[in-house]
Amino acid sequence: MTNREYLNNLSNDKFTDLILAKIAEFQEKNFDAELDIFDIVDGTRIDFEMWLEEKI
């Protein structure tokens, strides 16, 4: 089962909590004062898409 498949089985509240927590984690990881906001957003999006497809 991938993270995406797991998320599809959650209640709306739990789904929202998990998505927001994971995005915050990726934004913190991708934050670099040398980058502009678009680079940070792109890094977060790419990491998030990869995370969705990971097996759990």
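This is a short walk through the structure shown above, from its overall layout to a few of its side chains.

Keep in mind that the model is predicted: local features need pLDDT of at least 70, side-chain atom pairs count only at pLDDT 80 or more, and totals for chains, interfaces and linings use all residues. Residues are numbered from 1 along each chain as its sequence is written, and side-chain values use heavy atoms, with hydrogens and water left out.

Let's start with the fold. The chain has three helices and zero strands, running α-α-α from the N terminus; helices (H or I, at least four residues) and strands (E, at least two) are DSSP runs, numbered from the N terminus. Along the principal axes, the C-alpha atoms fill a box of roughly 40 × 20 × 15 Å. Of the 56 residues, 25% are buried, where buried means under 20% relative accessible area, exposed over 50%, and partly exposed in between (1.4 Å probe, protein chains only).

Phe26 is buried, with a relative accessible area of 8%. Leaving aside neighbours within four places in sequence, Phe26 is in contact with Thr44, Asp47, Phe48 and Trp51, contact meaning heavy atoms within 4.5 Å. The C-alpha atoms of Phe26 and Arg45 are separated by 8.5 Å, although the two are 19 residues apart along the chain.

Now for the charged side chains. The whole structure holds four salt bridges, each defined as a side-chain nitrogen of Lys or Arg within 4 Å of a carboxyl oxygen of Asp or Glu. One of them pairs Arg4 with Glu53, the closest N and O atoms being 2.7 Å apart. Arg4 lies in helix α1 and Glu53 in helix α3 (residues 37–53), so this pair ties together parts that are 49 residues apart in sequence. Arg4 is partly exposed at 37% relative accessible area, and Glu53 is partly exposed at 44%.

Two further bridges stay within a helix. In helix α2, Lys22 and Glu25 sit three residues apart, about one turn, and their side chains meet at 3.3 Å, N to O. Lys22 is buried at 17% relative accessible area, whereas Glu25 is partly exposed at 43%. In helix α3, Arg45 and Glu49 are four residues apart, again about one turn, with their closest N and O atoms 3.4 Å apart. Arg45 is partly exposed, with a relative accessible area of 41%, and Glu49 is also partly exposed, at 41%.
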